[in-house]
There are 2 protein chains.
Amino acid sequence: MSKLLNVLLVGGTHGNELTGIHLVKRWQSLPDEIARQGLKTELLLSNEAASKLNRRYIDADLNRQFSLSELKDSELSSCEALRAKEINELLGFKQTPSQDFIIDMHTTTANMGVTLVVNGDSELALKVAAYVQSKDPGVTIMHQQVNRDDDNFLISLGKFGGIVVEVGPVAQGLLNAEIFEKTRLTVQAILDFLSLQQLTEVVLPKKISAYQFIEKIKLPENENGDLVGMIHPKLQNRDFQPLKQGDAIFLLQTGETQYYEGLPNCVAAFINEAAYYDQHHGFSLLKPVQLQLTN
Amino acid sequence: MSKLLNVLLVGGTHGNELTGIHLVKRWQSLPDEIARQGLKTELLLSNEAASKLNRRYIDADLNRQFSLSELKDSELSSCEALRAKEINELLGFKQTPSQDFIIDMHTTTANMGVTLVVNGDSELALKVAAYVQSKDPGVTIMHQQVNRDDDNFLISLGKFGGIVVEVGPVAQGLLNAEIFEKTRLTVQAILDFLSLQQLTEVVLPKKISAYQFIEKIKLPENENGDLVGMIHPKLQNRDFQPLKQGDAIFLLQTGETQYYEGLPNCVAAFINEAAYYDQHHGFSLLKPVQLQLTN
């Protein structure tokens, strides 16, 4: 048997997403649930300062602080930039990481069910996603093209990458038992696979269906930059459904509807994500892609 | 015709409840929608400091600052205590108010639909509630027994009282078009009635069904006071449904279920309200009551 795979389970990277925080606490008291042959599993609450205040972050989004250049930049001094450097040091530095694979648990206010976010070309992360999707076809995979050094997500600290488990819809600042259970079972399935592939050859599909991020779409603003509309009720909850030109996307304060006129063959996700409101973003636009597995 | 009734519409008393804030902004640009014969209607954003930061409050809940003794207490200096005094002055002081009736728009993360909160013995507020419920039997009325001087809600500044319009479920920090529309139509119906009763005798039911607050019920905690459970999936979304002894109410981290063993003939409301988490409250317990109208 090969040496143990070091797996890190992270909660609270966004301090008001309680599900991951309470799963970490659960597993601190029930370690057997995350114990697997071939794995050494550790737990981390990544932004306790923010979670104590029930805020997404104190100064800046922690999950945008982990590019190599940011980690090396001694000028950066926001609460989260400092915390990112602390975590980087704790995990043996991005270039010589002690953790092989990182699972970062998030929630969204959007109706995205269980979504797995894979960054860059991490073969292990793609395999994890393929395995979980093969067990539950309702799971969606999002893929972001980025190289490991530039990747500013916490999961980029993993030697073989990592995966974001993003589950919704659930409001910030509370626990929903159904979302909690979906997240718990998804992480369990990931650990099952990581253990299994340590012990044996796992047969996986050669291709997986995923979505690639194109851009965030702004909510309607007036000339002063004030928000003057909201997600149209016909778009609400339709994450990962086909978005066609002419579909209603925004409802203005005046009662008028705005229609989608962008690229064809796309879908929307993070529809009405509360964390998008600070920048007045309404949703993300994504395109379907097929990803190749090389195993 | 009697003199004009001064009606104040308030949004953003809790700074992360966006619906009321955006309804105030809507009506600032579409004043005809809230214009009614016999009424002089004004608009107020009550806690802009908190809403700019997308927080419920800066230092303390603004909607607990309006008792006469707190308004007179020069020692109180939290951001919200000062804002309450400012609003009190703006509205001509609690004992000599310039506003006859106040409508304060709130949202909840609980599945409470449209709930109208009436405090004390305001006859006009009870009539408003009776009228709105007669137009839409799905509307729930909550009644809190408190005298006007002790009442710490913003609506207690109204000469003839006021009403809280509480609509959910919607997450904090975002707009949901359906919740927005329900709130808009409820406020319109309230204004319709206030106008109508200025002009003519309105026939209303002599009795209305409502719920009276008993107590808040704590979420499960361990000996250190840490949260170790959540709302049971069988209780989630069952606001204002009968709560029977032996019904599942909490799911512990360990997987165990806790059951209701309290008073009979009660209902739960504010089930899984995000704003309750700071005090580890799971829901409010209420009892059904019949309220008499004296008209």
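**Ground rules.** I am working with a predicted model, where local features need pLDDT of at least 70, side-chain atom pairs count only at pLDDT 80 or more, and totals for chains, interfaces and linings use all residues. Residues are numbered from 1 along each chain as its sequence is written, chains are lettered from A and ligands numbered from 1 in the order written, and side-chain values use heavy atoms, leaving out hydrogens and water.

**Entry 1: the interface.** I looked up who takes part: 26 residues from chain A and 26 residues from chain B are in contact (heavy atoms within 4.5 Å). The size of an interface is often given as the accessible area lost when the parts come together. Here about 2200 Å² is buried between chain A and chain B, with carbon and sulfur atoms giving 59% (accessible area for a 1.4 Å probe, summed over both parts). Leu175(A), Met230(A) and Gln253(A) supply 26% of what chain A buries against chain B, more than any other three residues.

Next I asked which elements of chain A each bring at least two residues to this side. They are α1 (18–29), α6 (177–199) and β8 (229–231) (DSSP runs, helices H or I of at least four residues and strands E of at least two, numbered from the N terminus). By class, I note 14 nonpolar, ten polar and two charged residues on that side of chain A (Ala, Val, Leu, Ile, Met, Phe, Trp, Tyr, Cys and Pro are nonpolar, Asp, Glu, Lys and Arg charged, the others, Gly among them, polar).

**Entry 2: backbone details.** Most residues other than glycine have a negative phi, and most peptide bonds are trans. I found a cis peptide bond between Gly168(A) and Pro169(A), with omega about 10 degrees. Pro169(A) sits in the loop between β6 (162–168) and α6 of chain A. In chain B, Gly168(B) and Pro169(B) are joined by a cis bond, with omega about 10 degrees, and Pro169(B) lies in the loop between β6 (162–168) and α6 of chain B. Asn272(A) is not a glycine, yet has a positive phi of about 60 degrees; I placed Asn272(A) in the loop between β12 (266–269) and β13 (281–292) of chain A.

Note on methods: Buried area is the accessible area (1.4 Å probe) that two parts lose on being put together, summed over both.
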